[in-house]
Structures are given as C-alpha cells and as structure tokens.
Amino acid sequence: MKLFKILATIAIVATAVAAIDAFCYVPYRCNRLAKIGESIVAAAVAGNPAARLFLREQAAVFDRCIAHEPQSVELQLLRGTSQSIFGDYEGALATYQTALQYDQRPEIYFDMAGTLLKLQRTDEAFDSYAMAIRFNPDFLPRISNRETRLRVMSRWRRESDAERK
C-alpha cells in the first residue's frame, strides 16, 4: 500500500512538472529563441561554426515550439532557414509553405526562393522571388546573382503590367 502511494505521488508530480513545462517553460523558451534566432541564423549562414552548432542542437526545440505555437511565422522562418542550412531543402520548403498559410510575408517568399534554387526548381524560385518583390521591392537588391535578379525583375514587370490591364 505504501509503494502504491509513493508511485501515485510520483505520477502526480510528473504530471505537474509536465504541465508547468507546457504552460511556462515552453512559451518562455520559444519567445527567447524567436528573439535571438534571427541573429543566430545570420551568423550560421555566414559560416559561424558556433551558430551552426547552436541551430543543430535547437532543431528539437524549434519543432516543439512550432507544435506549441504553429501560427508563429517567426519560428517557422527560423526552422525553415535552419533546415535549409543543413541541407534539408524539402523540409525547409514544407516549413515555408506552412508559414505561408498563416501570413504572406515577403521574407517567406524570399527564403523559399533561395531553397527552390538549391533544388534547381528555377521557375518556381523566380515566381517566389517575384512575390517577395511584389510585397516589398526592397528585397530586389538582396538577390545576389545578377542574372537571377534581372530575370526576376523581368517577370515582376510582366506580372505588374498584366495586373494593370
């Protein structure tokens, strides 16, 4: 009987700890990750090994945070970029498409275009770049390849002219 009470107490404590984790720890950690994530991702893209290690270690946290708060486009973007950095281009593409269900931000289209280029899906990439530029023309200078930039500008202009008619 005494063993049963101990096991029941352990079960209650474990349930309480899980509840605290879900309602307190997860949102705090997710908000913190979203705030520092952009600078960490920028450092990882630039090749910083410490930032890359941090992103690799945080993959499970991204997934957990997105499960807790799926409408967080910031977390979706960070996860997609992290997946792309580590070569999971299909996973990154799926993450970006999920993010687009919640918000149609230009940075989602821009990051998705870069991933599509890595998958050698150039037509889709140019369409995605054109969408990013349609929402925010300031994204045009961020396209690093001159030929790509010219092709995207041409496509964007054709779409803009077609919309005006």
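**Contacts, burial and helices**

Reply: Leaving aside neighbours within four places in sequence, F86 is in contact (heavy atoms within 4.5 Å) with R52, L55 and R56. This is a predicted model, where local features need pLDDT of at least 70, side-chain atom pairs count only at pLDDT 80 or more, and totals for chains, interfaces and linings use all residues. Residues are numbered from 1 along each chain as its sequence is written, and side-chain values use heavy atoms, with hydrogens and water left out.

Me: Where is F86 found?

Reply: Helices are DSSP runs of H or I with at least four residues, strands are E runs of at least two, and both are numbered from the N terminus. F86 sits in the loop between α4 (73-85) and α5 (89-102). Its C-alpha atom is separated by 8.6 Å from that of R52, 34 residues apart along the chain.

Me: Is Q83 buried or exposed?

Reply: Buried means under 20% relative accessible area, exposed over 50%, and partly exposed in between (1.4 Å probe, protein chains only). Q83, in helix α4, is buried because its relative accessible area is 10%. F86 counts as partly exposed, since its relative accessibility is 26%.

Me: Which residues does Q83 touch?

Reply: Not counting residues up to four places away in sequence, Q83 touches D88, G91, A92 and T95.

Me: And how many helices and strands are in the protein chain?

Reply: The protein chain has 8 helices and 0 strands. Buried residues make up 34% of its 165 residues.
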